[in-house]
Amino acid sequence: MTAQTDYRLSQLDELEAESIHVFREVAAEFEKPVLMFSGGKDSICMMRLAEKAFYPAKIPFPVLQVDTGYDFAEVLETRDHWVDRLGVRLVVASVEKAIADGVVVDDGKTSRNRLQIGTLLNVLEQEGFTAAFGGGRRDEEKARAKERIYSHRDDFGQWDPKNQRPEVWSLYNGRIRQGEHMRVFPLSNWTELDIWHYIDREQIEIPSIYFAHRRRVFERDGMLLGESDNVTLKPGEAVTERTVRFRTVGDMTLTGCVESTASTTAEIIEEVAASRITERGATRGDDRFSEAAMEDRKREGYF
Amino acid sequence: MDLLRFATAGSVDDGKSTLIGRLLLDSKAIFEDQLEAVEQTSMARGYDYTDLALLTDGLRSEREQGITIDVAYRYFATPRRKFIIADTPGHVQYTRNMVTGASTANLGLVLVDARQGLTEHSRRHAVILSLLRVPHLVLAVNKMDLVGYDEAVYEQIQADFQSFATKLTIPDLTVIPISALKGDNVVTRSTNMPWYEGPSLLHHLEHVHVASDRDLVDTRFPVQYVVRPKSDDFHDYRGYAGRVAGGVLKPGDEVLVLPSGFTTTIEAIDNFDQEVAEAFPPMSVTVRLADDLDVSRGDMICRPHNAPKPSQDIDAMVCWMGTAPLRPRQKLAIKHTTRAGRTMVKDVQYRLDVNTLHRDQETKELALNEIGRVQLRTTVPLLCDPYSKNRTTGSFVLIDEATGVTVGAGMILSAD
């Protein structure tokens, strides 16, 4: 940034300043914060903002990934690049291990996404994390539209949407009692398009699956899912190879892709700007089960 | 492209949801799948219209009860600006929610129904926007189609509001006749009201000048976090990170650090790996000082002859959000800028009736959702300004020490 004579910030600069403020506030007031890193574009933007907030010092907290066992290889690769470059500690909580340890129960019907909740709450408690940064944005989903930047969780990791603390000005209340923790959403006021503009501006490295590539896919419930060892085809489902990209990154068995030829961030921005369907509606099986799917998971302690 | 935050408040019947829905639809911020879901729910409930309130009423209990409980944030953008709407319900917990929405807003949008004129609700919203010093206010006179687009109706409401507003602090008022349902003067100028010569609502939102609302004169930099890498490359680096709350900071500036009172000069201002020539609100930067002083979180960097006065006696307007009332002698935690301490309520001077502006001096307490003038004594000196001068250094929150819940929002009138 150079000298600005009109003393105005662009919307990206203002959003960045707000997010950096949140990161520093948490680092100053919480004993043991952690950054929840999914490998998706939003959590990568969080990494970038955290890098800026503490530079030239290292990010003063570890990053946590809940490994569903169904994660895309490209995502894990990008995660490792980021962790290496920033020199931060990586904590991996494995859903597979949580199942083996009896922390969560795999009944064959519950999705890996849902099993992440128990796995996540368990690792937060075990490691004693008092604040966990999440990449959630308010434009994503209507339950999130009402969530605070500092979102209080009780002993059971539950969110009580009807009883949220008022959040006035930028005076964040970080008080928690023993056993409770805070979820913190520094990207609350960013939209999907803001994220893409920021990735473009900052030349941020994101997993290659966000860009158009050839992939063997099949159709299920109106979504395109990638062929993988973890998904069994149902009768009538046929695999074809198409040019696709992912708009969100999650559990491989539930995250759909869209047909697209966008192979650069600029092309993605064009595509997102013209899109008439939300990223979650288009590609997230986990949000489709009920009108309040996200709220229900969030109440239980989801990201 | 810059950012404008605006706050709206209203109930189901004044057309607020329709207006927001229209702004979002016309700026393509509502997606097909969202609209489809809302259409389906509206149909399932037997409505003969698409209830756009369902877009913002995200919580299960809100949909079940058909009411809005909490502040919802909505986003849209035009090629000129990005907008953040803090959309607050009109009835449930209205003061708490309106204060929350107004606290970060550059502009407040008050809606009135042209058929009804000013109501208790619209007055109350204007009072809260004024108390919170939201610099721009738009009064949208809605449902003009239902009064035959009659200029006289608009003129009367405008006159009523202006006479009411003389008791308030509203630096910039714009009154726009609209029909959210028909789209008159929402995005484009209406041909139904040739007598109205002002801009459409969206045009006004896109062009209202907000850059000069910030204080670029009185330097205020609350130290938020001390950056000390202690690495080989940055062995002696010591930077004070924070968000500029007022004024313009430049390398070479002589500065005063409070509460210690030491003076030094700014050596450099870092924004990530770049040095910047100037820092101004609301930038988050890291300031390096020429001298090695003991500066920590909660301190304030300002100018030697322009500094806030450290004070433990605070006179403030407080919006009370706790379920049990605020009473004299009560002890609370207080957070002001990056400073935290404890405080005791010395006196509740009066309770303000936000509908009539009457000051009730008899009641010596504030109940949930009441606003009043309160005297506080703090354990640590606050480095504060009157809220009317600076919304960042003039505001604080009160926290219940037992539950950790935020129970009050305060705006400083003066400090001794």
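Which residue takes a positive phi just after H6(B)? In this predicted model, that residue is Arg133(B), whose phi is about 55°.

**Helix H6 of chain B**

H6(B) is mostly covered, since 10 of its 12 residues are buried.

**Nonpolar cores**

The largest nonpolar core has 75 residues. Those with the most contacts inside this core are Phe6(B), Phe76(B), Leu132(B) and Phe161(B). When residues up to four places away in sequence are not counted, Phe76(B) touches Phe6(B), Leu23(B), Leu24(B), Ser27(B), Ala29(B), Arg81(B), Lys82(B), Phe83(B), Ile85(B) and Leu202(B). A second, separate core holds 68 residues, including Leu15(A), Phe61(A), Leu224(A) and Met252(A).

Phe61(A) also belongs to a cluster linked by ring pairs, together with Phe23(A), Phe54(A), Phe133(A) and Tyr225(B).

**Aromatic pairs**

Over all chains, the structure holds 20 aromatic pairs. Two of them are set out below.

| Pair | Distance between ring centres | Angle between planes | Arrangement |
|---|---|---|---|
| Trp169(A) and Tyr387(B) | 5.7 Å | 65° | edge-to-face |
| Phe234(B) and Tyr237(B) | 6.0 Å | 90° | edge-to-face |

Trp169(A) lies in the loop between strand S5 (150-153) and strand S6 (181-184) of chain A, and Tyr387(B) lies in the loop between strand S19 (371-384) and strand S20 (395-399) of chain B, so this pair joins two chains. Trp169(A) is buried, with a relative accessible area of 8%, and Tyr387(B) is buried as well, at 3%. In the pair from chain B, Tyr237(B) is buried, with a relative accessible area of 10%, whereas Phe234(B) counts as partly exposed at 28% relative accessibility. The planes of Phe234(B) and Tyr237(B) stand at 90°, and the pair is therefore edge-to-face, a class that requires an angle over 60 degrees.

**Charges over rings**

The charged end of Arg85(A) sits over the ring of Trp82(A), 4.8 Å from the ring centre. The charged end of Arg138(A) sits over the ring of Tyr73(B), and here the distance to the ring centre is 4.0 Å.

Helix H3 of chain A, residues 73-86, contains Thr78(A). Is Thr78(A) buried or exposed? At 4% relative accessibility, Thr78(A) counts as buried, because the limit for a buried residue is under 20%. Its contacts, leaving aside neighbours within four places in sequence, are with Ile44(A), Glu205(A), Ile206(A) and Pro207(A).

Chain A is divided into domain 1 (11-193 + 292-300) and domain 2 (207-286). The centres of domain 1 and domain 2 of chain A, taken over C-alpha atoms, are 24 Å apart. The contact between these domains takes 22 residues from domain 1 of chain A and 21 residues from domain 2 of chain A.

Definitions and conventions: Residues numbered from 1 in each chain as written. Chains lettered and ligands numbered in written order. Predicted model: local features only at pLDDT ≥ 70, side-chain atom pairs only at ≥ 80, totals over all residues. Heavy atoms only, no water. Phe/Tyr/Trp six-rings, centres within 6.5 Å; stacked < 30°, edge-to-face > 60°. Helix = DSSP H or I, 4+ residues; strand = E, 2+ residues; numbered from the N terminus. Buried < 20%, exposed > 50% of the residue type's maximum accessible area, 1.4 Å probe, protein only. Lys NZ or Arg CZ within 6 Å of the ring centre and 35° of its normal. Core = buried A, V, L, I, M, F, W, Y, C linked by side-chain atoms within 4.5 Å. Contact = heavy atoms within 4.5 Å. Domains from an automatic or database assignment.
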